[in-house]
Amino acid sequence: MKNYDVLIIGAGPAGIFTALEMIKKGTSKKIALIEKGKPVEKRNCPKTKTKKCLNCKPYCHITTGFSGAGAFSDGKLSLSYEVGGDLPLLIGEEIAQETIDYTDKIYLEFGADSKIEGLDRVEETKDIRRRAIQANLKLVDCPIRHLGTEKAQEIYYKIEQYLQENGVDIYFNYLCKDLIIEDDICKGAILVDSVTHEEKETLMGENIVVATGRKGADWLERLCEQHGIMHQPGTVDIGVRVEVRNEIMEYVNNVLYESKLIGYPAPFKDKVRTFCQNPGGFVSQENYDNDLAVVNGHSYKEIKSQNTNLAILCSHNFTEPFNQPIAYAKKIGELTNMLGSGHILVQRYGDILSGKRTWQKELSQSNVSPTLPDAVAGDITAAIPYRAMTNIINFIHAVDHVVPGFASNETLLYSPELKFYSNRVKMTKEFETNIKGLYCLGDSSGWTRGLMMASAMGILMGRRLV
């Protein structure tokens with residue numbers, strides 16, 4: 001049994017930046033970082049060679065390992081407090097923006113590109129906003145620092161080395177089975193081998209930080225129920241990944257790089273938004289531990305495709321008595337996977353409007369060639385609920401006014417695109433839960449959505465614990 005001053009569960013951006021800020025502030029405390037997966041330099045997706053997902057066991061290397069899904073994402077840092085979740089509601093907008101600016105400088109120190117996208121084309125941005133207003137959409141201005149998928153891995157590798165060189169003990173391939181909570185005080189964690197699940201270590205800590213990311217949101221939700229950690233069901237995002245030719249998105253890509261549009265389409269008036277836009281990018285697949293395959297997207301600094309992809313996400317809020325939004329989203333994903341025989345489904349937008357499935361031959365005859373080669377042509381409407389599908393169709397019609405050609409018959413829709421961060425932990429501005437010594441950060445806490453805001457939350461946690 002080992003003792004630490006600070007025990008961090010999860011080596012995603014929130015956990016990493018907690019430890020990083022403590023070191024930068026000169027802490028003398030003993031820190032341990034627990035990670036289910038491998039070091040970033042040993043993370044490798046075989047799909048680059050096999051051209052198809054092998055459903056790696058015991059976990060997907062794209063979502064699991066040092067820096068979490070961030071190392072294999074598009075690597076976009078949103079530099080505005082308006083983007084990235086609801087953390088500003090907890091700590092205040094001014095503090096959130098100041099922390100984002102500070103965190104951005106750290107990314108620059110470790111090698112991030114100094115170029116910021118979306119700042120210098122003022123008149124063109126006004127034109128895009130005018131079109132958005134006419135379509136009853138809101139354009140959110142957000143400067144973007146694009147790391148690129150390959151550059152993100154280099155940056156996080158440098159951070160990984162920095163933490164180890166400065167005395168942080170990193171336990172790779174260790175899974176937190178349970179927290180040790182006695183008399184409403186969190187005292188430690190029980191760790192098992194992430195491959196064999198054989199019990200390996202019991203680590204004790206004065207302060208326990210849970211930062212398990214989207215990947216660990218359902219795990220944290222179960223722990224909240226088990227140990228009486230106060231929480232509430234939050235929003236669950238259900239949607240699709242859209243792919244079009246670069247020519248369609250060229251104007252918006254050049255002006256903004258990422259256009260963040262929000263709408264509340266009739267008849268349901270649910271919030272629908274664009275997310276994670278990847279000019280010249282690639283649609284990708286991620287696998288969760290229960291064999292759930294979900295779609296995502298990324299783009300490289302050097303390697304470019306002929307397409308742009310982005311997510312369209314519908315926010316669903318549930319009321320009593322239902323309290324399992326993550327399970328609800330997973331059921332939709334499982335049904336979609338069933339229709340695709342374990343693969344991601346893809347369908348042409350025109351076929352959806354015509355009420356027919358898409359056939360593989362039709363994809364090969366289209367202008368838009370799928371960048372996810374093992375996606376299965378089919379009918380996503382057989383799995384996505386009516387309300388969500390209606391929202392998506394009406395939102396695409398609205399976006400077509402901003403980006404003519406977006407609602408083309410050949411536009412591709414991939415499913416399922418799901419975001420698992422719906423469980424929201426109740427806590428103070430200092431991230432204290434109702435369990436003494438227990439703090440929750442990042443996407444798994446329900447307060448952030450994305451690399452920068454999760455990283456910034458880690459910075460604030462590090463200052464609190466230094």
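I take buried as under 20% relative accessible area, exposed as over 50%, and partly exposed as in between (1.4 Å probe, protein chains only). The model is predicted, so I kept local features at pLDDT of at least 70 and side-chain atom pairs at pLDDT 80 or more, while totals for chains, interfaces and linings use all residues. Residues are numbered from 1 along each chain as its sequence is written, and side-chain values use heavy atoms, with hydrogens and water left out.

**Entry: salt bridges.** I counted a salt bridge where a side-chain nitrogen of Lys or Arg is within 4 Å of a carboxyl oxygen of Asp or Glu. The structure has 32 of them. I looked up Asp-86 and found its side chain in a salt bridge with Arg-424, at 2.5 Å from N to O. Asp-86 sits in the loop between strand S3 (76-78) and helix H3 (87-91) and Arg-424 in strand S20 (residues 423-425), so the pair ties together parts 338 residues apart in sequence. Helices (H or I, at least four residues) and strands (E, at least two) are DSSP runs, numbered from the N terminus. Asp-86 is partly exposed at 27% relative accessibility, and Arg-424 is buried at 18%.

I then checked Lys-260, which forms a salt bridge with Glu-258 at 3.3 Å between the closest N and O atoms; both residues are buried. Lys-115 and Glu-117 form another, with closest N and O atoms 3.8 Å apart. Glu-117 is buried, at 15% relative accessible area. I also noted a network of salt bridges linking Arg-348, Asp-351, Lys-356 and Glu-362.

**Entry: second largest pocket.** On a 1 Å grid over the protein atoms alone, a pocket is an open set of points where a 1.4 Å probe fits, with protein on both sides within 12 Å along at least five of seven lines; lining residues have an atom within 4 Å of a point. Its volume, the space filled by probe spheres set on the points, is about 670 Å³. I found 30 lining residues, with Glu-82, Gly-85, Asp-86, Ile-262 and Lys-271 nearest the centre. H3 and strands S4 (137-140), S10 (231-233), S12 (260-263) and S13 (272-278) each supply at least two lining residues.

**Entry: strand S15.** I looked at residues 293-298 and found six of the six buried, so S15 is largely enclosed by the rest of the structure. Ala-293, Val-295 and Gly-297 point one way, and Val-294, Asn-296 and His-298 the other. S15 pairs with strand S14 (residues 282-287) in the antiparallel sense over six bridges; pairing requires at least two bridges found by DSSP. Val-294 is the bridge partner of Glu-286.
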